Amino acid sequence: ATASICVSPHLQARFPPDTPSVLLRGVISEQVTEHAAGSPWAQRKNIVAFSGTFTPNKGLVPLVEAWKSLDLPGWELHIAGDGAIAADLRDRARGIESIKFRGLLNRHENAAFLAECKIGINPHEVSAVLGNVFAFKIIEYLAAGLHVISTPMGPVERELEAGMTYIDDNAISSVAKGLSDVISGQRYTRLAAEAAVRLYGGDAVASALDKLLHGVVGAASEPVAARA
């Protein structure tokens, strides 16, 4: 390969060490940063947010069941998105006033939704090989000013982990403990919005890709003897 663009260090490691590479977990939209800037954290509601596709591997069933097992006065779980298990989730949440479904949101609506919340959750099914997949919602949550609760998805930059709490897996008991610990211990005040934007905002990504392109072009233009 001439170059690589990867969502995790694990995937980067599959290429030769001298291959020009960029760790690109995604690009934070201007909508996310604009809405976050207009929503002071102290004015946000006590909401745990999930935004994404409703598929079994996203850990939504354990999330709903974990929430039902907890007593978290003043807190709500808001779930945005749609997908194959939507009807099942609504059935499981029926009668639980603290669980709200926000429907399928466009990019602007989703950014506004996240700016209302204090915690973002990613109870994804744990991969057999950590780092084989990565949920960009983690970065988006962080950039929107949320503390993140997530199952492990491979190494994450230390400055981003400052705004994260890991749970071992997405078993109901693990999700429940993670939510309880973060809320009761007020860990949700630990944020990493600035770091997320600095690493994956539009300007940062453009700069990284420009550097990658110049590295590829420069390597291709070197005489064969000089590269030997």
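Tyr 188 is buried, with a relative accessible area of 10% (buried means under 20%, exposed over 50% and partly exposed in between, using a 1.4 Å probe and protein chains only). The model shown here is predicted, so local features need pLDDT of at least 70 and side-chain atom pairs count only at pLDDT 80 or more, while totals for chains, interfaces and linings use all residues. Residues are numbered from 1 along each chain as its sequence is written, and side-chain values use heavy atoms, with hydrogens and water left out.

View A. Rings of Phe, Tyr and Trp (its six-membered ring) pair if their centres lie within 6.5 Å; planes under 30 degrees apart are stacked, over 60 edge-to-face, and the rest tilted. Trp 75 comes from the loop between helix 3 (60-69) and strand 4 (76-82), and Tyr 188 from the loop between helix 8 and helix 9, so this pair ties together parts 113 residues apart in sequence. Helices (H or I, at least four residues) and strands (E, at least two) are DSSP runs, numbered from the N terminus. Trp 75 is buried, at 7% relative accessible area.

**View B. Two aromatic pairs are found in the structure.** Here, Trp 41 and Tyr 188 are stacked, because their ring centres are 6.0 Å apart and their planes lie at 25 degrees. Look for Trp 41 in the loop between helix 2 and strand 3 (47-53), and for Tyr 188 between helix 8 (172-184) and helix 9 (193-200); the pair therefore ties together parts 147 residues apart in sequence. Trp 41 is partly exposed, at 24%. Together, Trp 41, Trp 75 and Tyr 188 make one aromatic cluster.

**View C. Charged ends sit over the rings of Trp 41 and Phe 134.** The charged end of Lys 118 is 4.9 Å from the centre of the Trp 41 ring. For Arg 25 over Phe 134, the distance is 4.4 Å. The test asks for NZ of Lys or CZ of Arg within 6 Å of the ring centre and within 35 degrees of the ring normal.

**View D. Val 32 belongs to helix 2 (residues 30-37).** With 3% relative accessibility, Val 32 counts as buried. Leaving aside residues up to four places away in sequence, Val 32 touches Ala 111, Glu 140, Ala 143 and Ala 144 (contact means heavy atoms within 4.5 Å). Val 32 and Asn 110 are 78 residues apart in sequence, yet 8.2 Å apart in space, C-alpha to C-alpha.
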